Amino acid sequence: MSELNTNSLGGLSMHAYSRRTAFAALCLATAATVTLTACGGDKSDDTKKSAASKKKDPFADLSGPQIVDKAMKATSGASSVRMKGSMSEGGGPGSIDLALDTKGSCVGTIGTGGEGSVDLIGTGRTVYMRNDAAFLRSEMKGEPKADVQASIDMMADRWVKTTTTKSDEKDFDQFCDLKTVLADFKDTRSAARKGKATTVDGTPAITLHETDGEGRATLYVATEGKPYLLKAVNDPGKGKKRDTIVFTDFDKPVKATPPKGDVLDLDKLDG
């Protein structure tokens, strides 16, 4: 086996998670800045409702765009959230199940169809990763086969850790910082139309719809408690796979416990 350039390991990890950071932000932005930016006026139902029904419907006097605005403000103000679902990335299905907070803690798994997955634990300035072999191969496409195999032998299915104090590792801060990720929820524009009342995992919600060409976006906003965004679905049309992200565990502690046992320190390998 050829000698693996250990100085490149930190850079490899940064490259991998720089892409995942963008993926996580895109998952959240699906509901806010991507799927609900079509031009046009609000077409919400103006049907008159009785005083009794208005008490049951906190959004009775609000238009679709106004409800979206309240949902974005409430969600971006949460101290923690868990997002779980799937969406298209690079022509293939991607998946995410990640809980993160405003203190730099995160825990979960991110994967791409056919290109492996990675487990992630963030505890402030330290991030732990566990990549599978398929993920490492996908991140090292074009590299010498010997180096790819050496990386797999060293890191596949093994926890590795690094700190985010170096300038080239700041992507980790953005990835595990809920404030940074939810920044995509600000200044959203919408022409959403109010839909029917429903429930999401037992929580009463209202649906909001918006179309953009053949695409159709649907948001589910809680009608009890804070108007959190509970679910976002983007249907691009033409037989393409739908993107679905579910938001749960608002303001609940993120239990990001560092792994024990065999943990490889990438910072020491970098020297």
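Mentor: Buried means under 20% relative accessible area, exposed over 50%, and partly exposed in between, with a 1.4 Å probe and protein chains only. This is a predicted model, where local features need pLDDT of at least 70, side-chain atom pairs count only at pLDDT 80 or more, and totals for chains, interfaces and linings use all residues. Residues are numbered from 1 along each chain as its sequence is written, and side-chain values use heavy atoms, with hydrogens and water left out.

Trainee: Is Leu178 buried or exposed?

Mentor: Leu178 has 0% relative accessibility, so it counts as buried.

Trainee: Which residues does Leu178 touch?

Mentor: Contact means heavy atoms within 4.5 Å. Leaving aside residues up to four places away in sequence, Leu178 touches Ala78, Ser79, Ser80, Val81, Leu100, Asp101 and Thr102. The C-alpha atoms of Leu178 and Gly104 are separated by 7.4 Å, and the two residues are 74 residues apart along the chain.

Trainee: How many aromatic pairs are there?

Mentor: Rings of Phe, Tyr and Trp (its six-membered ring) pair if their centres lie within 6.5 Å; planes under 30 degrees apart count as stacked, over 60 as edge-to-face and the rest as tilted. The count here is 1 aromatic pair. Tyr228 and Phe250 are stacked, because their ring centres are 3.9 Å apart and their planes are at 5°. Both Tyr228 and Phe250 are buried.

Trainee: Which residue lies over the face of Tyr220?

Mentor: A charge sits over a ring if NZ of Lys or CZ of Arg is within 6 Å of the ring centre and within 35 degrees of the ring normal. Lys231 lies over the face of Tyr220, 5.3 Å from the ring centre.
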